[in-house]
Amino acid sequence: MHRFRRPLKDRSRAVPALRYIEIGWRLAPEFWGKGYVTEAAEAWLSYGFETLDRDEIVSFAVAANRRSTAVMERLGMSPDPARDFDHPSIPDSHPHLKRHVLYTLSRKDWQARKKGG
């Protein structure tokens, strides 16, 4: 369901998130809206910040994918419009899927959220 990505030399300039630790998800529709993604992503954030000692974790989604961006917001992530991008693997014949928004969460913000929650 979730994955951590390591940089890929051949695509790291084209997809900004590939230079960072990224969490993402994909579920069959019958599992949407049950909280599975948020719960699992919270565990991955803990792993990324506590075990991997990362300063920032990112996530990205198709700009129109409100369900995914809502999860990112529930996790305390913030949009970073300066780092939004057109995904190089999406063909121009699918313009509605090409634009991706990038959200970030810093270790500092994650720790503050943990203390406050």
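## His-100 and its surroundings

Leaving out residues up to four places away in sequence, His-100 touches Phe-60, Ala-61, Val-62, Ala-63, Asp-84, Phe-85, His-87 and Ile-90. The model in which these contacts are found is a predicted one. His-100 belongs to strand 5, and Phe-85 is the residue that stands opposite His-100 in that strand.

His-100 has a relative accessible area of 6%. Because the limit for a buried residue is under 20%, His-100 counts as buried.

Strand 5 covers residues 99–106. This strand is mostly covered, with six of its eight residues buried. In a regular strand, side chains alternate between the two faces of the sheet.

Strand 5 pairs with strand 2 in the antiparallel sense, and seven bridges join the two. Within this pairing, Ile-57 has Leu-105 of strand 5 as its bridge partner.

## The nonpolar core

The largest nonpolar core contains 17 residues, and Ile-23, Trp-25, Leu-45 and Leu-75 have the most contacts inside it. At least two residues of this core come from each of helix 1 (36–51), strand 2 (56–62), helix 2 (66–74) and strand 5 (99–106). Helix 1 gives the most, with four residues.

Leu-45 shows how separate parts of the chain meet. When its neighbours within four places in sequence are left aside, Leu-45 is in contact with Ile-23, Ile-57, Leu-75, Leu-105 and Trp-110. Two of these contacts, Ile-57 and Leu-105, are also bridge partners of each other.

## Helix 2

Which residues of helix 2 are buried? They are Ser-68, Thr-69, Ala-70, Val-71 and Met-72. These buried residues pack against helix 1, strand 2 and strand 5. After helix 2 comes Gly-76, which has a positive phi near 90 degrees.

## Salt bridges

Eight salt bridges are found in a search of the whole structure. In one of them, the side chains of Glu-50 and Lys-114 meet, with N and O 2.9 Å apart. Glu-50 lies in helix 1 and Lys-114 in helix 4 (residues 107–116), so this pair ties together parts that are 64 residues apart in sequence. Lys-114 is partly exposed, at 47% relative accessibility.

Another salt bridge joins the side chains of Arg-107 and Asp-53, at 2.8 Å from N to O. Arg-107 is in helix 4 and Asp-53 is in the loop between helix 1 and strand 2, so the pair ties together parts 54 residues apart in sequence. Arg-107 is buried, with a relative accessible area of 16%, whereas Asp-53 is exposed at 53% relative accessibility. Arg-107 and Asp-53 are also linked with Asp-55 in a network of salt bridges.

Arg-83 and Glu-56 form a further salt bridge, in which the closest N and O atoms are 3.1 Å apart. This pair links distant parts of the chain, 27 residues apart: Arg-83 is in the loop between strand 3 and strand 4, and Glu-56 is in strand 2. Arg-83 counts as buried, at 18% relative accessibility, while Glu-56 is partly exposed, with a relative accessible area of 23%.

## Aromatic pairs

How many aromatic pairs does a search of the whole structure find? The search finds four. One of them is formed by Phe-31 and Tyr-36, with 6.3 Å from centre to centre and 50 degrees between the planes. Planes under 30 degrees apart count as stacked and those over 60 as edge-to-face, so the pair of Phe-31 and Tyr-36, at 50 degrees, is tilted.

Both residues of this pair are partly exposed: Phe-31 has a relative accessible area of 38%, and Tyr-36 has one of 39%.

Note on methods. Residues are numbered from 1 along each chain as its sequence is written. This is a predicted model: local features need pLDDT of at least 70, side-chain atom pairs count only at pLDDT 80 or more; totals for chains, interfaces and linings use all residues. Side-chain values use heavy atoms; hydrogens and water are left out. A nonpolar core is a set of buried Ala, Val, Leu, Ile, Met, Phe, Trp, Tyr and Cys residues joined through side-chain atoms within 4.5 Å. Buried means under 20% relative accessible area, exposed over 50%, partly exposed in between (1.4 Å probe, protein chains only). Contact means heavy atoms within 4.5 Å. Rings of Phe, Tyr and Trp (its six-membered ring) pair if their centres lie within 6.5 Å; planes under 30 degrees apart count as stacked, over 60 as edge-to-face and the rest as tilted. Two strands pair if DSSP finds at least two bridges between them. A salt bridge is a side-chain nitrogen of Lys or Arg within 4 Å of a carboxyl oxygen of Asp or Glu.
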